[in-house]
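Let's walk through this structure together, one step at a time. Have the sequence and the 3D view ready as you read.

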Amino acid sequence: MRTRIVFWVCASVLLVPFLLHAQASQTPKAKGRTDDRPPADFTGVWYPSSGSTLGAATPDNPGQQFVWLDSEGKPLKGPLPLTAWGQERLKANHPTGPNTSAIDSDDPDFQCFPSGVPRIYLFLYPMELIHTPGRVLMLFEYGHNIRQIFTDGRGHMQDAEPSWMGDSIGHWEGDTLVVDTTGFNDKTWLGYGGQPHSDALHVTERIRRIDHDSLMIDITLDDPKAYAMPLHTQKKYILKPDWNLMEFVCEDNSLNFLEFEKKTRIQK
Amino acid sequence: MKPGLPACFFLAVGLMVVSLPLSAHHGAAEYDNTKTISLQGTVTALQYLNPHALILFTVKDDKGQTADWTAELQSPNLLSRRGWSRSTLKPGDQVVITGHPVKNGVKAMTGQKVVFTDGRETPNMGLPSDSSK
């Protein structure tokens with residue numbers, strides 16, 4: 001008799017987790033999380049490709065400018081198709097140039113502000129992608145910027161405060177992660193040239209693996225307040241399986257560096 | 001360059017070595033990329049801090065006068081991935097630094113290449129390759 005009681009007590013204790021699990025699996029999934037397996041996994045540390053992408057621009061700054069394409073994929077010639085509003089903003093910005101030092105520029109990057117999207121892709125630092133249920137995380141070494149791409153089916157936040165890196169939601173089309181980002185402020189630039197954007201900026205990214213070690217990001221910007229037509233560009237990243245992200249604090253050397261920048265500023 | 005030679009200042013106008021970008025925070029507008037100089041000097045300090053590492057060094061001219069110079073390198077993160085560390089250069093090290101001078105004439109330059117005067121070389125400062133290996 002005693003043996004039988006011990007058996008049933010043990011059996012009950014062992015069965016409880018299974019019963020709880022069965023009940024949980026019948027409960028509707030909590031909003032904001034899914035356990036669906038994504039059709040592709042980009043987990044890893046990725047580094048911008050040096051020259052094999054549209055990013056390469058100048059001998060001294062490879063990969064640090066975007067080449068903008070029209071809707072047919074041809075590089076845009078001449079000035080960017082800015083609206084009157086966009087032209088005013090471009091005129092008001094003071095990027096670095098042959099006669100303008102970083103210290104005399106109002107480039108938000110030189111003030112250590114977050115880089116925005118897509119400018120964060122221009123920096124020659126790695127990013128790490130992490131898949132987690134309902135989200136894909138982008139961790140950028142440069143400036144420790146992060147992006148959360150919600151893949152749980154939610155829409156964009158309503159009445160959200162405009163942000164530096166935007167509000168991103170994503171869905172899968174085959175093996176391609178399609179990321180839709182809005183909710184930007186208008187404080188970041190698209191590049192070192194002071195190219196502006198407005199708070200109406202809408203970025204669509206199509207992220208896919210073109211081979212095991214290569215990630216291609218097709219980027220479309222739609223900002224009717226600043227640009228007369230959508231702009232397209234592309235960025236390629238290379239998998240670096242042996243790398244880890246490192247700390248990068250933009251202000252780390254700021255006092256010494258400020259003195260250095262003052263010393264080396266271009267005389268007008 | 002042999003050790004023990006008097007400190008030298010080589011200026012090569014228009015000579016293009018492989019240009020490394022001073023990426024991110026700072027840009028390269030302050031430097032005259034059409035000129036390349038090589039300086040032999042004594043390391044005072046390696047400031048291994050983001051956004052860019054700085055080499056402080058002194059250069060002695062042919063008359064024995066010393067001058068303080070600064071060479072700006074890539075970020076420590078990029079340098080570390082190429083094999084550099086905070087102890088790659090120590091105070092007292094004799095080095096030859098090659099790079100582009102600043103436009104305004106002060107004693108500062110980029111550090112494109114750094115070698116010890118005894119022939120040892122510091123790790124390459126080039127950008128990571130497109131290889132996953």
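A residue is called buried if 20 or more other C-beta atoms lie within 10 Å of its own, exposed if 12 or fewer do, and partly exposed in between, with C-beta atoms placed from the backbone. By that rule, 42% of the 133 residues of chain B count as buried.

Before going on, note that this is a predicted model, in which local features need pLDDT of at least 70, side-chain atom pairs count only at pLDDT 80 or more, and totals for chains, interfaces and linings use all residues. Residues are numbered from 1 along each chain as its sequence is written, while chains are lettered from A and ligands numbered from 1 in the order in which they are written.

Chain B has one helix and seven strands (DSSP runs numbered from the N terminus: helices are H or I with at least four residues, strands are E with at least two). Starting at the N terminus, the order is β-β-β-β-α-β-β-β.

Now turn to chain A, where nine strands close into a barrel in the order β1-β2-β3-β4-β5-β6-β7-β8-β9, with mixed pairing. Two strands pair if DSSP finds at least two bridges between them. Strands β1 (residues 44–48) and β9 (residues 231–239) of chain A run antiparallel and are joined by three bridges. Within β9(A), I238(A) is the bridge partner of Y47(A).

Of its 63 residues, W46(A), I55(B) and I97(B) touch the most other members. β9(A) supplies the largest share, four residues.

Notes. A nonpolar core is a set of buried Ala, Val, Leu, Ile, Met, Phe, Trp, Tyr and Cys residues joined through C-beta atoms within 7 Å.
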